[in-house]
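Reader: I have a model open and a few things to ask about it. Can we go through it piece by piece?

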Amino acid sequence: MSQGNAVKTTENEAAGENRISAFVKREIGRVLALGSLVAIFIFFTIMRPVFASWQNVSGGILMSTTVIGLLAIGTTFVIITGGIDLSIGTATALVAIIVGKTVQALSLNVWAGILVGLIVGGIFGMINGLLITMLKLPPFIATLAMMKAAQGLALIISDLKPILFTTDVKGWDEIAQGNIIPKIPNGVLILFVGAIIAAILLNKTVIGRYTFAIGSNEAATKLSGVNVNKWLIAIYGIGGVYVGLAAVVLTSRLGSARPDLGLGYELEAIAAVIIGGTSLLGGKGTISGTVIGALIMAVLVNGLRILELQQEWQYVITGIVIVLAVWGDNVRRRRSGEVS
Amino acid sequence: MKKVLTIVAVASAMALVVGTGSAVNAADKTLKIELISKGETHQFWQAVKKGAEDQAKKMNAEIRFQGPATETMIDKQLEMLDGAIALKPDAIGYAALGTTESLSRLKAAHDAGIPVYMFDTAASCPDKLGKNSDCALGVAYTDSKAAGKLAAKKMKALIRGKGKVLVVGHSQTNQTGIDRRDGFINQIKKYKGITLLTTQYSEGGDALKAQEIVSAALVANPDLKGIYGTNEGVSIGAGQAFKAAKLKKGKVKLIGFDSGKQQMQNIKSGLQSGAITQSPMGIGAKTVEALVNYVRDGITPKPLIDTGFYYYNKKNINDPKIAGNLYE
């Protein structure tokens, strides 16, 4: 999860102390984010100890992170390139509907159904990439158009009805709600395995390197002979695969595919990415930060519900925490920029 | 004499022909009615549409039914209303999303001489509904407050008048949502043994958010006795939260709203106690009937037409009176 250069500098420094301070310096963004996550968690635990019960942590907080968290992980790649994907929310509904219809029509089993979700999601993401690279549309506009199109298609394909396909497929409920590992819902497992795979892709593979390169300086990357368009399409495709995964988890959690959800999920996911320290300007970002960002949002929303605060105030406080989280990160960056 | 009779006969026959002829002409003119609904997604609106279509066919009218993708899109719906007025149809049916925002549009329709009858939800018209209102002739609706009240009575019986009850609303701003909530709350407050928790909302009836709200509520209140969800999406979400928490069926009573395949299954399986159903087809049919009678025959419709509601559970779900209003 670390960038190559930083690792080398650390290795060159023999003294353990230096190593620790270098680590802290490099990781301070995530350390702070993790710190605020822990602080918020402790606050709610003091207010209502039942908040920290495993039933709430697993079924309430972690489970609530699954859909938005997967969307956020996928879209981290896109945001690091300096792009944005507004279509991920409604695309989740569209993919869910397509999976439901396909599974029903072809009597697919669980695994085939999941595969359909990943493929359809991936294709959808690649269409975003094509619009951005081939038609040279700004990502904001291209994905806004796709957001609308996905919403419409979800309504058309579903014939405006929720699709109740999960009871016909053995094991579909288990995708999110089963327990391969006792006490941990599978949906949560999917979230973390998805995060680990994404982190490997981002930090250890060529696609990850180009993700950062395009975000840091697209023109320079192009000049150095990289086929930026090809990689962008692939990167939006990765975002789409995670949309597919989120859609599958969503249908398992709800027991059906519903065409009327998803709108607004994209903003929650993007907020999680930014809270996690990824820059909207591109070039910087981590998967672990995104997961922490998504967890901060989930902990906050769940905690406010556990406190049984009036909904109006829940919204206001959520807004304030987003501002504080991102502002604090900005201040830190500016300071560390001045120092170095 | 014979001649006279013949003339009379011929004349009356001619009059009859002319008479029926003109009557045929009047009835022949297919009335064009634009119906602007609050949504299209929920099957409820599909049932309203079906009721309107069936009635239109019977009365030689033609309807066009449209609504925004979700019930939070007030602007989108107002655009549709503007578009409908611009088409100058014979009449407009309107289910108000923007209860105040739509008033200027309704006045514009009135000024253009297009009669408007509202359905499901009325706009907050300043004057009395009727022929002289520049808002609308009236509204065909489910008395949502009374429906909420019925849900409260059923809830009281289910939990034997004791314990904590949570209301999960689907909107804080839409009038139907407010009435379903208030009808329930006002009634449940009369029962001394019942404690009402802070009402939570899953805006737009998002089933996933509703699930998360109910999951948190089950943790915060292990002694929770009942949940009342104000629409189909909320009811589904609550049921799924019960499943995820591996709750014993019937431990927490759940009363929902409307129908849909999944909710009906949940009621049959005992995961959910029951639900209130409106008569969506009746809403559509009564609206079209009122408008056609007014335009064609000048019969002023009643300003308020209550289209009714029922409580259903595992026992009466197949009752013909109930089943006709349920949709998968």
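Reader: Which residues of strand E4 of chain B are buried, and on which sides?

Author: In this predicted model, E4(B), residues 116–119, is covered on both faces. Val116(B) and Met118(B) are buried on one side, Tyr117(B) and Phe119(B) on the other. Buried means 20 or more other C-beta atoms within 10 Å of the residue's own, exposed means 12 or fewer, and partly exposed is in between, with C-beta atoms placed from the backbone. Strands are DSSP runs of E with at least two residues, helices are runs of H or I with at least four, and both are numbered from the N terminus.

Reader: What does E4(B) pair with?

Author: Strand E3 of chain B, residues 91–94, pairs with E4(B) in the parallel sense over 3 bridges. E4(B) also pairs in the parallel sense with strand E5 of chain B, residues 139–141, over 2 bridges. A pair needs at least two DSSP bridges between the strands.

Reader: Which residue stands opposite Tyr117(B)?

Author: Gly93(B). On the E5(B) side, Phe119(B) has Ala140(B) as its bridge partner.

Reader: Numbering and confidence conventions?

Author: Residues count from 1 along each chain as its sequence is written, while chains are lettered from A and ligands numbered from 1 in the order written. As the model is predicted, local features need pLDDT of at least 70 and side-chain atom pairs count only at pLDDT 80 or more, whereas totals for chains, interfaces and linings use all residues.

Reader: How many residues does each chain put into the A–B contact?

Author: Chain A gives 33 residues and chain B gives 27, a contact being two C-beta atoms, placed from the backbone, within 7 Å. On the chain A side, H3(A), residues 54–80, gives the most, with 7 residues.

Reader: Switching to helix packing. At what angle do H9 and H11 of chain A cross?

Author: Roughly 110 degrees, with the axes coming within 10 Å. Axes are lines fitted to C-alpha atoms, for helices over the stretch in contact, and angles run from 0 to 180 degrees between N-to-C directions.
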